[in-house]
There are 2 protein chains.
Amino acid sequence: MATIKDVARAAGVSVTTVSATINMSAPVSAEARAKVLAAVAAVGYSPNPIARNLRLGKSRLIGLLVPDISSPYAAGMARSMQSALADKGYSMFFSSTQEDSARELADIDRMSDHMVAGLALLPTCLGADYAQNLAGHITCPAVLLDRVIPGAPYDCVADDNALGARMIVRHLVQLGHRDIAMIAGRVGITSSDERLSGVRQALADAGLALAPEFTVTHHQSEELAVRAVQDLMSRSRRPSAIITINSAQVRGAMRALRSMHFRAPDDVSLIAFDNFHYSAGFDPEITSLSQDVGGLSGAAAAMLTERLGWPKGEGAAAPPPPRLVRFAPTLIVRSSCRPV
Amino acid sequence: MATIKDVARAAGVSVTTVSATINMSAPVSAEARAKVLAAVAAVGYSPNPIARNLRLGKSRLIGLLVPDISSPYAAGMARSMQSALADKGYSMFFSSTQEDSARELADIDRMSDHMVAGLALLPTCLGADYAQNLAGHITCPAVLLDRVIPGAPYDCVADDNALGARMIVRHLVQLGHRDIAMIAGRVGITSSDERLSGVRQALADAGLALAPEFTVTHHQSEELAVRAVQDLMSRSRRPSAIITINSAQVRGAMRALRSMHFRAPDDVSLIAFDNFHYSAGFDPEITSLSQDVGGLSGAAAAMLTERLGWPKGEGAAAPPPPRLVRFAPTLIVRSSCRPV
DNA sequence: GCGCCACGTCCTTGATCGTTGCCATCCACC
DNA sequence: GGTGGATGGCAACGATCAAGGACGTGGCGC
């Protein structure tokens, strides 16, 4: 490992000159610059980011935390963000927090120890005083993905769930559905809450209502969706359509229907807030909202890097206040919904 | 940020004593230890890993690189490895290389600059002299995931593809299939090559053969699988069963069949080397091999940490030679295959 | 015209970031 | 006096940055 000293020796200049050349932090004569660049090439020098980070007290590292990297939504986010940030010269720290907020906070701490410049967080939203806990651990600019934490001082990118809800409800209502059930997620996760209240509102606008016995809120796992759908479909009065909020629930719903020898859309229509690669492989193919994961990730990366590059100091303009950007989903009509 | 000096001042001892207490690198009296620990708690000290890494020339960081984090296989690996390594106090650097070996090598370099202790790599296996290129960039212990690079000086965990092939072939042959087609992946990726040659061998053992016109090798994308299956199924002589090597190909195969108004297993049986969450949501549910991703990841993490902890120096035993560990898959019989 | 000072440019010396490890020192005890 | 455990001082690790030196140039006063 060649160090800056080796370069200085090879170039016959001081380490400061080498540093100034590389970082363009001070004027260097053309002659000296040429000698330095030649020496850099000759000894195969690449700056040691560890030493630089120590000296500067900051790094070009971004921490990414998601509850479960196995979910297509999180994986898509991770892929796009990593790509976008790598293009801007950032490397990525990663943690799949397994829906465990203690782990999440601990990993944020570890990342902070490594002086990450920023964080991208799909938050677990678990535990009392979650927002406050988070604030106690995050010491750098952060961007929240998918889930809003009201009042938190971070940029946030999210789906336009109210719009998505209107799209879904309009589609179902146009098909004549009135007995609509919804399986939402854990209360307190805004993406789920917004989808639920959006559906409620959209139904109200259409003169309909989401019956309490047709409303399920719980953790969004496949198993619980299986039970929820089995329960819904064994009632004397059954829904004619079921809305789910993510891909795991779609899997669960399909399994539940099959176990009861029901079929979508013959016995019940199925529609989801979340599209995924496999939607098209199901039979029926699942009508679903496609969330703009690429758009979200791009915006998140852009907002984060904007904040990281914000000039500091006396004369500098104040950074923008926390922003919330929403992206419109697209309804992909496939074959899992049919007219009543 | 409290530093070790703050602790030393608060405890009334030297920084050396604080360091010795924390690292247990030298004997410290019970009295001093108590003072140090109290001071650590009082000032809220946490060691600065950057400074430590600089000083020691190594870190507790592991780099993970996969071609595409969106694939369930890679995501499962990432999740398990991150979890296992976090438990041992390692943090994770992450890169989704987008099936681009230049990016892969560049990211390995960046990770090396950050003095990662080890690498976990699901290699792209792309480009001429791939193994040699890799060797030129990897400067720390590494473990290869899923894809073997023959002769490379790294531990490797992989599926037992020969066994998997025998299981698949036995299942199909028992159902009376003789006209079997296989869609493999890019040549040069051992997991694909082994699956193909394993199927060939297993068929040969059963007195059958894989017809050249029923053998497709290409990059393992969904789109190419669509075309391959459309092609296979538009022949005058059609296969009675199709074997695919991964989940993207299953999606493609399902789409192709639907586009031609065929149905599995009525018109053709379908079986896959790779199980995934969504296999059960498909109709038919896909009969597939479940690869032991958890086992693979656990072994990979264990082998890597074993090497990282290997004592160095004169008297120490030599580290083990590169090891290749294979994990047996399980055949999950679902409803996508039927007797001829 | 000469000498001095001021100034700008380019470069170097030396301190520093927080940590660890080598070595010297100190004290108590045999 | 030797031994050995406990502790502190100091120099690194590789980089950046503040301060100041060297040097050439130009303006100005005598």
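Helices (H or I, at least four residues) and strands (E, at least two) are DSSP runs, numbered from the N terminus. The exercises below concern a predicted model, in which local features need pLDDT of at least 70, side-chain atom pairs count only at pLDDT 80 or more, and totals for chains, interfaces and linings use all residues. Residues are numbered from 1 along each chain as its sequence is written, chains are lettered from A and ligands numbered from 1 in the order in which they are written, and side-chain values use heavy atoms, with hydrogens and water left out.

**Exercise 1.** Locate A:S240 and state which residues it touches.

Solution. Step one: A:S240 lies in the loop that joins α10 (222-233) to β8 (241-244) in chain A. Step two: the relative accessibility of A:S240 is 18%, so the residue counts as buried; buried means under 20% relative accessible area, exposed over 50%, and partly exposed in between (1.4 Å probe, protein chains only). Step three: leaving aside residues up to four places away in sequence, A:S240 touches A:H177, A:R178, A:D179, A:V268, A:S269 and A:V340, where contact means heavy atoms within 4.5 Å. Step four: the side chains of A:S240 and A:H177 form a polar contact at 2.7 Å. A polar contact is a pair of N or O atoms within 3.5 Å; within protein, one must be able to donate a hydrogen and the other to accept it, and residues adjacent in sequence count only if both atoms are side-chain atoms.

**Exercise 2.** Describe the protein surface near DNA strand D.

Solution. Step one: DNA strand D is surrounded by 24 residues, the closest being A:I4, A:S19, A:R55, B:T17 and B:S29; a residue is near a strand if one of its heavy atoms lies within 4 Å of it. Step two: of the atoms of DNA strand D within 4 Å of the protein, 66% belong to sugar and phosphate. Step three: phosphate oxygens of DNA strand D lie 2.8 Å from a side-chain N or O atom of A:N23, 2.7 Å from one of A:Y45, and 3.0 Å from a backbone N or O atom of A:N48. Step four: α4(A) gives the most to this surface, with five residues.

**Exercise 3.** Determine how chain A is related to chain B.

Solution. Step three: the same surface serves both copies, since 100% of the contact residues of chain A recur in chain B.

Note on methods. Least-squares fit on C-alpha atoms with pLDDT ≥ 70 in both.
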